[in-house]
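Here are a few friendly notes to read alongside the model. Keep the 3D view open and look up each residue as you go.

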Amino acid sequence: MKKVYLMLHIALISVALFLLSARAVASERSLDQYVPLLPEVLDKALAIDPATGLYVQELSAGVYLITDGIWQSAFVVSDDGVVVVDAPASYGHKIPGAIAKVTNQQVKMLVYSHAHKDHIGGSAAFSQFEHLDIVALDGVARFLAEKQDPNRLVPTVSFEGTKTLSMGGKTIELRQHRNYHSDEGDLFVFVPDARFLMAVDTLAPGYVPFSGFDLTSNFHQYRKVFDDILAYDFDHFIGGHLTAIGSREDVEQTKAFTEDVYQTVKRIHDETELPVVMAATAEAVGGWDNKYLLFKAFLDTVAAKSTTEIEGRWIDKLAGVDVWTDSHVRTALIYVRWDD
Ligand SMILES: [Zn+2]
């Protein structure tokens, strides 16, 4: 009996020691401990024009990417006008001028990928265009009508499901997808002739997703978004952020990362014993009164072990692994413990 007690005591001490070291790994990294950006990601970075703060490139068949190196949007030049997709808060006001440099056609339509301010908060600059149609999902239109945000023009045309835009010989397919990112609705924009797909806030080519799997409000749906993207026949992929144009391989790679985070968190969660961690924490703090703290210690233990393992596998494959993996692990952990 004494031996069993001694072994339990040793187990508790080792959990307590792990808790201390895990905190050091996951949350106390100082700024100079982050790895430099991967050279291959730097090499692919689009060259922003210092004079305009923008990079504008025709990808294919009249479809242009426009970006400031952090946000990305697009426009399609047809024989009867221009369709713009998203007007980010940071450079939306520069988009009309950038379009005027490549075509004399008027901007006739603005499409919103979703309702978030960072992607459409520059749309007020488009009030200069007469007879402009602003197209969005019903949920986005309802939300923006309620918000009355002067920086986000309220849509004039809304729909649910799918909508095909035809203008001056160009066809643009809009399709509502699972709410992988925002609750109001997420829209994919596909231009078949250009083999161009825009699916905003899904992934950033070369990088791990932004914090918490791109701020997803639904990790269950987010896990499926990669297959949704790969079902399209595309060569040029725009995810709405950062420094590169994406390919199918980029989508495959982010899918693999996401599944690795999910599987790792699930395994470590399932093999970590809640009563053992709570007992070790109770011993460390001198009692069982603070139940929140004892349970948090369990979540912290699973998160820290998972983060350390995943970082080791991905640190030299994607950029931002040491920046955001702990946030991805937290998102996956909530799903694994409460939804899976
Ligand atoms: Zn967003």
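1. First, a term you will need throughout: a residue is buried under 20% relative accessible area, exposed over 50%, and partly exposed in between (1.4 Å probe, protein chains only). This is a predicted model, in which local features need pLDDT of at least 70 and side-chain atom pairs count only at pLDDT 80 or more, while totals for chains, interfaces and linings use all residues. Residues are numbered from 1 along each chain as its sequence is written, and side-chain values use heavy atoms, with hydrogens and water left out.

2. Look at glutamate 311 and arginine 29, which are both buried. They form a salt bridge (a side-chain nitrogen of Lys or Arg within 4 Å of a carboxyl oxygen of Asp or Glu), and their closest N and O atoms are 2.7 Å apart. Glutamate 311 sits in helix α11 (residues 291-314) and arginine 29 in the loop between α1 (2-26) and α2 (39-44), so the pair links parts of the chain 282 residues apart. Helices (H or I, at least four residues) and strands (E, at least two) are DSSP runs, numbered from the N terminus.

3. How many salt bridges does the structure hold? There are 14. Another of them joins aspartate 260 to arginine 313, with the closest N and O atoms 2.9 Å apart. Aspartate 260 is buried at 16% relative accessible area, whereas arginine 313 is partly exposed at 32%. These two also belong to a network of salt bridges with Arg267 and Glu309.

4. Lysine 108 and aspartate 80 form a salt bridge too, their closest N and O atoms being 3.1 Å apart. Lysine 108 is partly exposed at 32% relative accessible area, and aspartate 80 is partly exposed at 40%.

5. Now find the zinc ion. Its protein donors (N, O and S atoms within 2.8 Å of the metal, or 3.2 Å for Na, K and Ca; water is not among the atoms, so sites may look incomplete) are His114 (NE2), His116 (ND1), His181 (NE2) and Asp201 (OD), lying 2.1 to 2.2 Å from the ion. Along the chain, the donors follow the spacing H-x1-H-x64-H-x19-D. Histidine 181 lies in the loop between β9 (170-177) and β10 (186-191), and aspartate 201 in the loop between β11 (196-199) and α6 (211-215), so the pair ties together parts 20 residues apart in sequence. Both histidine 181 and aspartate 201 are buried.
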